[in-house]
Amino acid sequence: MNKIYCPSLTEYKRRLSREVQLGDLPMGGLNPIRVQSMTTVDTMDTLGSVEQTLRMVEAGCEYVRITAPSVKEAQNLLEIKKELRKRGCNVPLIADIHFTPNAAELAARIVEKVRVNPGNYADKKKFDVIEYTDATYAAEVERIRERFRPLVQICKQYGTAMRIGTNHGSLSDRILSRYGDTPLGMVESALEFLRLCEEENYYNVVLSMKASNTQVMVQAYRLLVQKLDEEGLQPYPLHLGVTEAGEAEDGRIKSAVGIGTLLEDGLGDTVRVSLTEAPEAEAPVARALIDRYTTRAQQAKPIAPLTDDFTAGATAGAHEFKPELISNDAALSPIDPFQYHRRVTREVLNLGGQNVPRVMADLSRLPGLEYADLRAAGHLYSAFLDKFQMNDLGADYVYSGQRPIPFMLPNGLKEVVDYTAWLDGGQRSEHYPVLTPAEYAAAGARHPELNFVFQNLASLTPAALEQLRQDTTAVLILHTDNAHAMPEIRRAFFRLLHSGVTNPVLINRQYPALTPEQTQLYAATDVGGLLLDGLGDGVVLSTELLPERPKTEWLQTIDQLNQLSFGILQAARTRMSKTEYISCPSCGRTLFDLQETTAMIRKRTDHLKGVKIGIMGCIVNGPGEMADADYGYVGVGKGKIALYRGQEVIKKSVPEEQAVDQLIDLMREDGKWIEPVRLEEPVVG
């Protein structure tokens, strides 16, 4: 299998794509990675659209997308463009088209770029199961091509760029019948349109493969790049995005897991972060993700090439291996980059094997630890009841370093201490030691059940690998100080895989003082990118690089890192510990206030562990785009909501003021509803 989807898995290199011209601001090629966003004002509101566009540009947006669901909105794009140019704003405009070829053909004469969704554009999406023969399939493809051809010719004539933007949730019935709901189906949906573009000698094309599921999204982009190369098509630039990422911290984490994973491998020429917030809030998040890579190549330390593991004889048949024949190290990857498989590990206590990934909270720098302080690690203590209650974000392990906790921990919470503290404390059975590589190599005392070992790529020597292979109690904590962090930790995982080492691994990252948002984005990228490839049995975000601070601020920091750890696991779809909201970012088609509605639904339902709720402003982003959701809340008219179970509409026209109650009633019918429970202290007085 050809696994090559990026220039290198170990060296930071941007994929060199074809340059595409959008007005005066080209993208792709050697140009910087661009930022774009989308207006939320009704497209017929000319001044509202102009004012919002100006705010977006001020916030750092380089391309602005505006919905054009029908011909009248497409016509009004000209008025919006005129007013923007009159005000001295030359930002390239993109018309967003889903179902209407006539609107696309008109918009292509006005704006700098048109976005079409191949699953909706002249194709059928009725959630029908249709059996296609090869002949009927080919005839349908030809019909769609002929409907699409005029748009290609207009774009070519007017110098207008085009994005062929596949969305996971809006694959046509025809594509689903042949490829299923898969990354391959997403890629083929785009390639059908792209092949016609090349036949017409039209190359001003950008591609995207968006999904709400980060695993699907990353796999689809990788597969797209591989297929372009395999078919000898042009290396078109990529627009990156996670659809319906949501709001606030969850939306940022989910976006970073998907987008950051691809940026790490040099993929991506323009970025849109889809948040259920004002569009001017999106550009700074996209910029923060992008800016991390502006000096990455200069800051990165060299990472040992994958050929090292083969030439060292770590793999059977290595004597036949010829490293000089390998031009791209992705060919040697021991994992399938296009399909999720969790790394096979032995079970050690409750780590590895079939266990969900675990979270370790770092309390090692917290002075004077008291019962109540464990709240920061998700364990709530009631002095009145004299007992703990763990919430869904309760850490599985706490690391206390040289300061063993002086009281009994709540049931289920386990403590990890430095090896020297474990020895000095009498080698207690309820404490689990963590050893340095040197301590581990020495023949000293060990815990009979579980021993953590700090390791990095350099310390995974043949002797260390052999020792780990024989040790059924060892769990690795993999870390790095390389600026190119995720690829180096991934490289360490590859060494374990090539060497047949099956010990569980916690992914350890630490950051100096950053803004909370930077920490969110960086950790979500570094840890999430590994989890998406099935690498990692847990996460520990440690504090050793942070400056000293008062105890109250330490508690706040630990709480943030603990919640962030669970958020990353959820965004990577490896441990569902809270309600997930698949909410669209709003646009001119939206039929209700998305931010207000999302906040209201969250307030009523955020205790439902693992339930996925789709909140869509209109039918375009309706049942398809929330393909992963258990339940859906979709605007279908002014003040009217449709409620879905999965992709099946259950109630078609519910008054908006009754919709949340009826959504909860639907969950009750399915046995998915539980009443919220709050741990409350009684009022004493």
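Contact means heavy atoms within 4.5 Å of each other. The views below show a predicted model, in which local features need pLDDT of at least 70 and side-chain atom pairs count only at pLDDT 80 or more, whereas totals for chains, interfaces and linings use all residues. Residues are numbered from 1 along each chain as its sequence is written, and side-chain values use heavy atoms, with hydrogens and water left out.

View 1. Helix H17 covers residues 551-571 and contains Thr-557; helices (H or I, at least four residues) and strands (E, at least two) are DSSP runs, numbered from the N terminus. The relative accessible area of Thr-557 is 10%, so this residue is buried (buried is under 20% relative accessible area, exposed over 50%, partly exposed in between, with a 1.4 Å probe and protein chains only). When residues up to four places away in sequence are not counted, Thr-557 touches Leu-546 and Arg-549.

**View 2. Packing of helices H16 and H17.** Two packed helices are described by the angle between their axes and the distance between the axes. For H16 and H17 the angle is about 40° and the axes are 9 Å apart. H16 is therefore oblique to H17 (under 35 degrees counts as roughly parallel, over 145 as roughly antiparallel, 65 to 115 as roughly perpendicular, and the rest as oblique). Axes are lines fitted to C-alpha atoms, for helices over the stretch in contact, and angles run from 0 to 180 degrees between N-to-C directions. On the H16 side the contact is made by Thr-519, Gln-520, Ala-523, Ala-524, Val-527, Gly-528 and Leu-531, and on the H17 side by Leu-561, Leu-564, Ile-568 and Leu-569.

**View 3. Packing of helices H9 and H16.** Helix H9 (residues 282-291) packs on helix H16 (residues 516-531) at an angle of about 55°, with 10 Å between the axes. This pair is therefore also oblique, and its crossing is right-handed. Val-285, Ala-288 and Leu-289 of H9 meet Glu-517, Leu-521, Tyr-522 and Thr-525 of H16.

**View 4. The closed barrel.** Eight strands close into a barrel with parallel pairing, in the order S9-S12-S13-S14-S15-S16-S17-S18. On average, neighbouring strands of this sheet are turned by 25° against each other, direction ignored. Two strands pair if DSSP finds at least two bridges between them. Helix H15 (residues 485-498) lies across strands S16 (474-478) and S17 (505-510) and runs at about 160° to S17.

**View 5. Strand S13 and its two neighbours.** Strand S13 (residues 414-418) is mostly covered, with four of its five residues buried. Strand S12 (residues 397-401) runs parallel to S13 and is joined to it by four bridges. Tyr-397 stands opposite Lys-414 in S13, and Val-398 has Glu-415 of S13 as its bridge partner. Four bridges also join S13 to strand S14 (residues 431-435), again in parallel. Across this second pairing, Val-416 stands opposite Tyr-432 of S14. Strand S13, helix H12 (residues 419-424) and strand S14 make a right-handed β-α-β unit; right-handed here means that, with the strands pointing away from the viewer, the path from the first strand over the helix to the second runs clockwise.

**View 6. The open sheet.** Eight strands form an open sheet with parallel pairing, in the order S6-S5-S4-S3-S2-S1-S8-S7. Strands S6 (205-210) and S7 (239-240) are the edge strands, each pairing on one side only. Within the sheet, strand S2 (residues 63-67) and strand S3 (residues 93-97) run parallel and are joined by four bridges. The bridge partner of Val-64 is Leu-93 in S3.

**View 7. Two loop residues with positive phi.** Asn-201 is found in the loop between helix H6 (183-199) and strand S6. Its phi is near 55°, a positive value in a residue other than glycine. At 48% relative accessibility, Asn-201 counts as partly exposed. Arg-573 lies in the loop between helix H17 and strand S19 (580-583). Phi of Arg-573 is near 65°, likewise positive in a residue other than glycine. At 18% relative accessibility, Arg-573 counts as buried.

Notes
Left-handed = near helix turned anticlockwise from the far one by under 90°.
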